[in-house]
Amino acid sequence: MAIDLYYMDLSGPCRSVMMTAKMVGVELNLKVLNLMAGEQLTPEFIQINPQHNIPTIVDDGFSLNESRAICGYLVQKYAKDDTLYPKEAQQRALVDQRLYFDMGVLYQRFSKLYYPVMFHGATKMEESAKKELDGAIDFLNTFLTANKYAAGDHLTIADICLVATVTTIEGADAQIFDKFPKITSWLETCKSELVGYNEANQVGATEFGQMVQAALAKLE
């Protein structure tokens, strides 16, 4: 039975779930929620997810939100082995740390820079927020200096979630990673390994980038 996924293609976190599902061979019943139209605020959806955010899955009556938690759940329940989310304590701790970095540092700093202009009527981008995002990118580059992948020597859900964020950032600023060959090389490696990558991620990342560019054009 397919798992219901409430999502939008524009959302990097939603795309990380779709990439993980493809990697473990799980079928998703895709249910688009248009956040801009407030569709996440219906009583029916709030009953499923009181936080009324996406992505949210429903798997045979079990509801779960927060993309990184969903990715871990999909691997633990449906993957043939633990490669994407290792069970060994130190390996898992490193994957978890990178997931928290993605959520609390990289994605957070990206949204702090761009979301005020895109969604909240800001008329300029804050230089301090730009410097914070640059710092987060430096951290990612450091991680990839020590390892070929984000959390070791093979692809994990840490890479999948970071790929969703990095391609979202790249959609907003196509040149932002030009000075970081380790990041661009890692990204191309991940793209080549991810099943159904273009459909699951790149289409939505490109669409989001176009939305960012439209918002930025109004500032000029």
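1. Residues are numbered from 1 along each chain as its sequence is written, and side-chain values use heavy atoms, without hydrogens or water. As the model is predicted, local features need pLDDT of at least 70 and side-chain atom pairs count only at pLDDT 80 or more, whereas totals for chains, interfaces and linings use all residues.

2. Helix 6 (residues 157–172) and helix 8 (residues 197–217) have axes that come within 7 Å and cross at roughly 35°. Axes are lines fitted to C-alpha atoms, for helices over the stretch in contact, with angles from 0 to 180 degrees between N-to-C directions; helices are DSSP runs (H or I, at least four residues), numbered from the N terminus.

3. In the contact (heavy atoms within 4.5 Å), residues of helix 6 including Val163, Thr167 and Ala172 meet residues of helix 8, among them Tyr197, Ala205 and Leu216.

4. The axes of helix 4 (residues 89–119) and helix 8 come within 9 Å and cross at roughly 60°. Helix 4 is therefore oblique to helix 8 (under 35 degrees is roughly parallel, over 145 roughly antiparallel, 65 to 115 roughly perpendicular, the rest oblique). Phe110, Tyr114, Tyr115, Val117, Met118 and Phe119 of helix 4 contact Phe208, Met211, Val212, Ala215 and Leu216 of helix 8.

5. The largest pocket is lined by 26 residues, with Ser11, Leu35, Ile54, Tyr107 and Tyr115 nearest its centre. A pocket is an open set of points on a 1 Å grid over the protein atoms alone, where a 1.4 Å probe fits, with protein on both sides within 12 Å along at least five of seven lines; lining residues have an atom within 4 Å of a point. Helix 4 gives the most to this lining, with 6 residues.

Technical notes:
Helix = DSSP H or I, 4+ residues; strand = E, 2+ residues; numbered from the N terminus.
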